[in-house]
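This report covers the packing of some helices and the pockets of one protein model. The structure comes first.

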Amino acid sequence: MGYGQHQSFYLRINWLRKAIKQLEDDNKFLYKDDAAEQIGLGKNMVQSLRYWVVATGIVEIDNRAEQNISPFGRLMSENDPYMEMVDTVSIVHYHLVDDMEPSTAWYWYFNHYTKKSATKEEIVDDFLFWLEKNEPGKPSANSIKRDIDCLVRLYCDKGKAEDPEEVIQSPLSVIGLLLEDKTVITKRNLKYTDVGLSALMYTLLVYRSRFEVSQLSVEEIQKKDFLWGKVYNLPRNEIIKALDALTHHPYSPITFDRTNRLDTIQLPDIDSITFLEEEYNRFEREKA
């Protein structure tokens, strides 16, 4: 499991774009002594960025510990490097929570933590309690507190930075997944349009490939790890609205069977990256 690798720096809006630009030329760039000077960040921020590019699925680490840009990272770089589309942001969030490594706190909070509202202190205590049952080498309470603080700031902070390139400091705050009211953190019930249909379909297709399933029920989409109800906190009525909309997708529609209260969907036979590439191309055509 992974803790504290972000160096207490949460992801800034231009960091992934800057990292991809450098990694295209040198997949060991973020480990170079002069990386901080070249990329225009502090030394500790570069260490943080090493973590964020992996945690968000932008890069993949090979058996030589080199950071290679992932297929999703390339698509994002080519089509939405500034993360202006909500679907891109939602997919980045999905990759952040879709595995226990390296973002254990994020994985736990969005897939296992059942409380809708809690103080930071309660979240830390509940996370430590979960780790006692699931992690042999228990991390320090301070390390866990830093992870929870970083998680909250990643989704709630909309303050302005001095750097004009970082008007919204965290790109993930635009989704509105979490609400911070004084000391209480609340998971907000989102509308499917807050997430984006393309991101929702991408999530289903990744799940289809990962678990080798082509059919899912509405209940599974609502309650299973890595699916909409948990990852995006979508309530059942919004899940059904999104599924209805995806039955009318122009080239990769789902089949939604609601007879006899089955409420099951059949996914199209297309991989997630091919689908996302076609979606970005469609968005570009619609803008023209």
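Is the crossing in which α6 passes α8 left-handed or right-handed? α6 passes α8 in a right-handed crossing (left-handed if the near helix is turned anticlockwise from the far one by less than a right angle, right-handed if clockwise). The model is predicted: local features need pLDDT of at least 70, side-chain atom pairs count only at pLDDT 80 or more, and totals for chains, interfaces and linings use all residues. Residues are numbered from 1 along each chain as its sequence is written, and side-chain values use heavy atoms, with hydrogens and water left out.

**Helix packing**

Helices are DSSP runs (H or I, at least four residues), numbered from the N terminus. Helix α6 covers residues 104-111 and helix α8 residues 141-156; their axes lie 9 Å apart, at an angle of about 65°. Axes are lines fitted to C-alpha atoms over the stretch in contact, and angles run from 0 to 180 degrees between N-to-C directions. α6 and α8 are therefore roughly perpendicular to each other (65 to 115 degrees). In the contact (heavy atoms within 4.5 Å), A105, W106, W108, Y109 and F110 of α6 meet D147, I148, C150, L151, L154 and Y155 of α8. These residues divide into 10 nonpolar, no polar and one charged. Ala, Val, Leu, Ile, Met, Phe, Trp, Tyr, Cys and Pro count as nonpolar, Asp, Glu, Lys and Arg as charged, and the others, Gly among them, as polar.

Helix α7 (residues 120-134) also packs on α6, with axes that come within 11 Å and cross at roughly 100°. That makes α6 roughly perpendicular to α7. T104, A105, Y107, W108 and Y109 of α6 make this contact with I123, D126, F127 and W130 of α7.

**Pockets**

A pocket is an open set of points on a 1 Å grid over the protein atoms alone, where a 1.4 Å probe fits, with protein on both sides within 12 Å along at least five of seven lines; lining residues have an atom within 4 Å of a point. Volume is the space filled by probe spheres set on the points, which are joined across faces, edges and corners.

| Pocket | Volume | Lining residues |
|---|---|---|
| Largest | about 450 Å³ | 24 residues |

E60, H95, D98, Y202 and V206 lie nearest the centre of the largest pocket. α10 gives the most to its lining, with six residues.

Conventions
Helix = DSSP H or I, 4+ residues; strand = E, 2+ residues; numbered from the N terminus. Parallel < 35°, antiparallel > 145°, perpendicular 65-115°, else oblique.
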